[in-house]
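Okay, thanks for coming, everyone.

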Amino acid sequence: MKYITYRKKKYASMLLALAFVSTLTGCGNQKNTNKDTTPTPTVTAESPTDKRVVKNGFKLNTIVTITLYGDYDESIIDGAFALCDQYENLLSRTKTSSEIYQLNNSPDRSLTVSDDTLELLQTGLNYCSISNGAFDLSVEPLTSLWNFGNENQRLPEPSEINEALTHIGYQDVKIDGNTVTLTKNGMGLDLGAIAKGYIADKIKEYLLEQGVTCATINLGGNVLCVGAKPDGSPFKIGIQKPYEDRSETIAVMELGDKSVVSSGIYERYFEVDGVKYHHILNPSTGYPYDNNLLSVTIVSDKSTDGDALSTTCFALGLEKGLELIDSMDNTYAVFITKDDQLHYSKGFLEAIPTLETK
């Protein structure tokens, strides 16, 4: 395995940062050190003479940026933004009108859901199985308890965590046709680790239907490229250096028609008495994973897979995460450990031209 250590280099003049603007607020004796909530792959700025349509909007609790390269009508992006609203109204665990909220809060924890919600649940449950529960869609009792990203975020009492753990277990999610039932008392689903990837894929499908052949979709850090740049060359996607400004990159990749998704401990976290607690929770212990990783970045064809795999591989850790990625076709990963070393999956550097910022 090839280990490379990088020194940071500022690319402020080169990279267009697609930042998440919401910040966390501390509670009690918690020290809030979080400036951004998503480790954001960035897309390099193109020539100012390129024809393009760019639009930003606050959707899915993040900044969404969609860029169409060519002479397209802005209404196409409006349609993509409408899709964000449509899927949030299905998949959010906090919107009272969503199917997931209704499922989590129905008296019998059972609901007949749409085909889209069913499709995403089935994909997510597959990753639960692949990871033997290290990735678990039923972690909602824990995520609601910690409440990362909310003004009420807090370090729960051990007794609260132990109680929440009794309500977790993806094996207790039963599907019969389109009817989903949570068979364990107090269960709840949280699709936050996979939903943005699914929505990005749906937006790409929509853009292709509209005749768009060159575009970038950024859903607060989930970057999905549609085709290549207008001249046929690849997009340049930067991987953010952990805990640094979004214009600070640790590597820049050349990609076309691919998804890039990162998960890291610097996405959402707070400090209590000098201890950092990040939002990637271990469904076995109830506490954040502590496995010497800072982040995992996945390059894949589908953003749904990249979203799920970035969390799954982080949960599995370096050795098992690399083993999983190496078993998959057309899927690559780079892990950043706490010593700032980058660890590439098999074939990554051969398949993806990468500028190493030393």
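One definition before we start: when I say buried, I mean a residue with under 20% relative accessible area, exposed means over 50%, and partly exposed is in between. Also, please keep in mind that this is a predicted model.

Let's get the overall picture. The protein chain has nine helices and 21 strands. It runs to 358 residues, and 55% of them count as buried. If you take the contacts with a separation of 6 or more, 64% of them are between residues 24 or more positions apart.

Now, salt bridges. How many does the structure hold? The count is 12. In general, side chains of opposite charge can pair when their charged atoms come close.

Let me start with Arg93 and Asp190. They form a salt bridge, with the closest N and O atoms 3.1 Å apart. Arg93 sits in the loop between helix 1 and helix 2, and Asp190 is in the loop between strand 10 and helix 6, so this pair ties together parts that are 97 residues apart in sequence. Is Asp190 buried or exposed? At 13% relative accessibility, Asp190 counts as buried because the cut-off is under 20%.

Next, Asp78 and Lys55, whose side chains meet in a salt bridge at 2.3 Å, N to O. Asp78 belongs to helix 1 and Lys55 to strand 6, 23 residues apart, so to speak a link between distant parts of the chain. Both ends are partly exposed: Asp78 has a relative accessible area of 34%, and Lys55 comes in at 22%.

Then there's Asp172 with Lys184, at 3.3 Å from N to O. Here the loop between helix 5 and strand 9 carries Asp172, while Lys184 is in the loop between strand 10 and helix 6, so the parts being tied together are 12 residues apart in sequence. Asp172 is partly exposed at 22%, and Lys184 is partly exposed at 26%.

And one group goes beyond a pair: Asp116, Glu119, Lys202 and Glu205 are linked in a network of salt bridges.

Strand 9 pairs with strand 10, residues 179-182, over four bridges, and Asp176 stands opposite Thr179.

What about disulfides? The count is zero. For Cys214, the closest cysteine sulfur is in Cys225, 9.0 Å away, which is too far for a bond because a disulfide needs the sulfurs within 2.5 Å. Cys214 is buried, at 5% relative accessible area, and Cys313 is buried too, at 0%.

Asn330 isn't a glycine, yet it has a positive phi of about 55°. You'll find Asn330 in the loop between helix 8 and strand 19, partly exposed at 45%. Asp340 also has a positive phi, near 70°. That one is in the loop between strand 19 and strand 20, and Asp340 is partly exposed at 29%.

Definitions and conventions
Residues numbered from 1 in each chain as written. Predicted model: local features only at pLDDT ≥ 70, side-chain atom pairs only at ≥ 80, totals over all residues. Heavy atoms only, no water. Helix = DSSP H or I, 4+ residues; strand = E, 2+ residues; numbered from the N terminus. Buried < 20%, exposed > 50% of the residue type's maximum accessible area, 1.4 Å probe, protein only. Contact = heavy atoms within 4.5 Å. Pairing = 2+ DSSP bridges. Salt bridge = Lys/Arg side-chain N within 4 Å of Asp/Glu carboxyl O.
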